[in-house]
Amino acid sequence: MLSYRHAFHAGNFADIFKHVLLLQLLQALRRKDKPFCVLDTHAGAGRYDLHSTAAIKNRESADGIGRLWNQPDLGPELNEYRTQVRALNPDGELRNYPGSPRLIRALLRPNDRLILTELHPGDYRLLKTEFAGDRSVAVHHADGYASLKAFLPPAERRGLVFIDPAFELRDEFDRLLEAVQVIHRRWAGGMMALWYPILDRAPSLRWQRALQELAIPAMLVTELGIQPYDALFGLHGCGMVIVNPPWQLDEILKRLLPELLQKLRVGESGQTCLEWLTPAP
Ligand SMILES: C[S@@+](CC[C@H](N)C(=O)[O-])C[C@H]1O[C@@H](n2cnc3c(N)ncnc32)[C@H](O)[C@@H]1O
């Protein structure tokens with residue numbers, strides 16, 4: 001039973017974190033002429049109306065993209081991200097928010113490809129409509145984990161698997177661990193980006209230790225905590241594990257993470273993390 005709908009959370013601080021990083025990964029793929037393929041396993045609806053009933057329920061975007069919308073002094077990565085959001089809002093009023101599929105699509109070149117899987121029937125229908133007639137994008141009503149074997153490795157042999165689960169299920173970290181092994185076995189050179197929430201920090205730390213034990217090289221973990229990790233309520237932060245990150249992404253993050261923290265933190269609290277779980281070869 002799927003009850004999670006991303007429309008309630010679109011444009012919140014966690015979306016900013018994951019989407020700014022996603023754009024950095026795509027920019028790195030664009031540095032070479034050879035075509036690439038992106039598989040977005042948990043695609044969501046593709047774009048979101050921030051004036052919808054779902055979005056205004058908790059107004060999560062107000063403390064996310066809302067905080068950046070009119071900021072005069074954004075660094076290059078946040079500025080590039082905001083430019084992509086502005087492209088969906090040509091009159092200057094923040095209303096439409098791009099999900100990961102829209103952001104990825106914006107950075108595809110004519111020979112690059114995007115494969116999307118989404119399990120929720122409602123969001124799948126919206127996604128299908130969003131990309132109707134777009135020959136660069138394939139949309140599947142399918143389980144993203146179960147689809148890995150069908151779609152990997154892609155013919156291009158360059159690209160990214162982006163996994164952004166809803167974390168509705170108790171075994172989501174186990175599923176992610178299994179997914180990393182499947183992807184690595186089929187496509188050791190592919191880039192992976194795996195998003196996770198931080199509520200209680202212990203499960204994500206256990207998962208990171210388990211990832212280390214796989215001994216797959218070049219795993220970078222980065223986190224943004226907008227509240228102390230031991231805060232009592234809510235989503236305190238989120239993180240991303242990136243396997244085979246682009247060259248110098250860690251250097252970019254050293255500059256970007258403090259800026260994200262400063263712009264998105266709750267009061268004066270919060271923290272960031274950047275660590276190699278396994279070294280690059
Ligand atoms: C966090 S949202 C994705 C947001 C999207 N990646 C973005 O950045 O705009 C997670 C999505 O995964 C979908 N989902 C849950 N389990 C899934 C599965 N096993 N395979 C594919 N999609 C799934 C949910 O319906 C939800 O739309």
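Which exposed residues does helix H6 carry on the face turned away from its buried side? In this predicted model, that face of H6 holds Pro121, Gly122 and Thr129, which are exposed. The buried residues of H6, a helix that spans residues 121-130, are Asp123, Tyr124 and Leu127. Because these three cover an arc of only 105° around the axis, they lie on the same side of H6. As for what covers the buried residues of H6, the elements include helix H5 (100-107), strand E4 (113-118) and strand E5 (137-141).

Helix H5, one of these covering elements, is itself largely enclosed by the rest of the structure, because six of its eight residues are buried. The buried residues of H5 are Ser100, Pro101, Arg102, Leu103, Ile104 and Arg105.

Eight strands form an open sheet with mixed pairing, in the order E5-E4-E1-E6-E7-E9-E8-E10. Strands E5 and E10 (271-278) stand at the edges with a single partner strand each, so one side of each is left without a neighbour in the sheet. On average, and with direction ignored, neighbouring strands of this sheet are turned by 15° against each other. Strand E1 (residues 37-40) pairs with strand E6 (residues 159-163) in the parallel sense, over four bridges, and Asp40 has Phe162 in E6 as its bridge partner. Helix H1 (residues 13-29) packs on the sheet, where it touches E6 as well as strand E7 (191-198), strand E8 (219-225) and strand E9 (237-243), and the direction of H1 makes about 170° with that of E7.

A last stop is Arg255, whose place is in helix H10 (residues 249-264). Is this residue buried or exposed? Arg255 counts as exposed, because it has 11 C-beta neighbours inside 10 Å, and the cut-off for an exposed residue is 12 or fewer. Between Arg255 and Val137 there are 118 residues in sequence and, from C-alpha to C-alpha, 33 Å in space.

Conventions:
Residues numbered from 1 in each chain as written. Predicted model: local features only at pLDDT ≥ 70, side-chain atom pairs only at ≥ 80, totals over all residues. Buried ≥ 20, exposed ≤ 12 C-beta atoms within 10 Å, placed from the backbone. Helix = DSSP H or I, 4+ residues; strand = E, 2+ residues; numbered from the N terminus. Arc of directions from axis to C-beta. Contact = placed C-beta atoms within 7 Å. Pairing = 2+ DSSP bridges. Axes fitted to C-alpha atoms, helices over the stretch in contact; angles between N-to-C directions.
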